[in-house]
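Please look over the sequence and the model shown here before reading the briefing that follows.

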Amino acid sequence: MISISVLSLKGGVGKTSVALGLAGAAAKRGLSVLLVDLDPQGNATSILQARHGRRHAATLLSHPTSDSMREAISKTAWAFKQGRVDVVASDPALIRFDSWTGPRAFTPKLARALKRLEGYDVVILDCPPSLGALTREALAASTLAVVVTTPSYFGAQGADRAIYEIDEIRDSVNPDLVFAGIIVNRLREKTDEHRYRKKELVDIHGAGAILKPAIPERVALQQAESTGEPIQSLKSAGARDVTRVFDKQLTRLLKLARQADAASADTTSAGPATS
Ligand SMILES: Nc1ncnc2c1ncn2[C@@H]1O[C@H](COP(=O)(O)OP(=O)(O)OP(=O)(O)O)[C@@H](O)[C@H]1O
Ligand SMILES: [Mg+2]
């Protein structure tokens, strides 16, 4: 099971669209996907048309046990021939869990609850637009972290801050966490400003840190959101463009997860390093 956090400090850059796009791509391949909606706004939960009851992400964080984990999972309207997307739904009460009082007081709850979860191939964690305790919970529970940005000056700044946070969580509570890269969203290739900002990201972070391909700006993503369907089910040319991009990004992420797994197995079997 691999778990992928989708984050950025900045709001509205496309975290939820990316989380859902990757979830749809994985489910379409026949994988079992669990989306954990850690954003109190609950956008992913409503797009997935989750049929959730009184158990959700906030009740899970109150009682982070394997039993609460199972109870917090709800079915959604997203099902393909073989794969499907289930959800741990958001709730406004999540906001109570977002206050950050510093690394010393941080004992990850979600990671504990997810540890013994079975029956899923991929877990995707949609984060709120802040680097508070909820985003840190997601990072502490993840194998991979993906940072989403738009090709803009403030987007690049937000990405820097998110990458810094990923390093902090790796150094403190989750040594297995891998920064998988930056996803550039809403790219208009023909715009000079967008090309410039994309190049700026490459210059700062290196070409390898940018997850290719970038996601083009397409109204199909907004249409999919308003009808609550996976972008993979829409038939327009724009939907097909974006579907192809998510599929390629998913392939890259699964490969990175396998590499991380192999590296971690090597370290474990080699035993402690001697000097
Ligand atoms: N590539 C795209 N092309 C066109 N519209 C897009 C694209 N990506 C996202 N959007 C639209 O931009 C809006 C914001 O996207 P989204 O909700 O995914 O951002 P977010 O980062 O999750 O926001 P928040 O910080 O509030 O959680 C949505 O209406 C979405 O449909
Ligand atoms: Mg969102």
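Two strands are said to pair if DSSP finds at least two bridges between them, and strands (E, at least two residues) and helices (H or I, at least four) are DSSP runs numbered from the N terminus. This is a predicted model, in which local features need pLDDT of at least 70 and side-chain atom pairs count only at pLDDT 80 or more, while totals for chains, interfaces and linings use all residues. Residues are numbered from 1 along each chain as its sequence is written, and chains are lettered from A and ligands numbered from 1 in the order in which they are written.

**The sheet**

- Strand β1 (residues 2-7) runs parallel to strand β6 (residues 144-149), to which four bridges join it, and V6 stands opposite V146 in β6.
- Seven strands form an open sheet with mixed pairing, in the order β3-β4-β2-β5-β1-β6-β7.
- Because β3 (73-74) and β7 (178-184) stand at the edges with a single partner strand each, one side of each is left without a neighbour in the sheet.

**Around ligand 1**

- The shell around ligand 1 holds 19 residues, counted if the C-beta atom, placed from the backbone, lies within 6 Å, and the closest are G11, K15, T16, S17 and P129.
- Two or more residues of this shell come from each of α1 (15-28) and α9 (219-227).
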